[in-house]
Amino acid sequence: MYHCSKAAIVKFSKLSAKNLAPFVRVNCICPGLVDTNIFENRDFSRFLDTIPMHRMGDSNEVAKLVAFLSSDDA
């Protein structure tokens, strides 16, 4: 169910971007594994080889991306 709902959000975002352009900017952020408190004391090392950067993401990285996409610089 998780993967289906994530795919639906991506598709909805693409359709919204197409239908609302050029008046509204639509972005969709779909991070993978992000190192947060919810994953404390859990070992995700077995997944690192499947991640292109071979590490979990950081919540600050996601926050910076949201800030950039929300700014006029985007």
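## Exposure and basis

Buried means under 20% relative accessible area, exposed over 50%, and partly exposed in between (1.4 Å probe, protein chains only). The model is predicted: local features need pLDDT of at least 70, side-chain atom pairs count only at pLDDT 80 or more, and totals for chains, interfaces and linings use all residues. Residues are numbered from 1 along each chain as its sequence is written, and side-chain values use heavy atoms, with hydrogens and water left out.

## Salt bridge

The whole structure holds one salt bridge (side-chain nitrogen of Lys or Arg within 4 Å of a carboxyl oxygen of Asp or Glu). R55 and E61 form a salt bridge through their side chains, at 2.6 Å, N to O. R55 is partly exposed, at 34% relative accessibility. E61 is partly exposed too, at 38%.

## Largest pocket

The largest pocket has a volume of about 300 Å³. It is lined by 18 residues, and P31, G32, L33, G57 and E61 are the closest to its centre. A pocket, on a 1 Å grid over the protein atoms alone, is an open set of points where a 1.4 Å probe fits, with protein on both sides within 12 Å along at least five of seven lines; lining residues have an atom within 4 Å of a point. Grid points are joined across faces, edges and corners, and the volume is the space filled by probe spheres set on the points.

β2 (57-58) and α2 (59-70) each supply at least two lining residues. The largest share, three residues, comes from α2. Helices (H or I, at least four residues) and strands (E, at least two) are DSSP runs, numbered from the N terminus.
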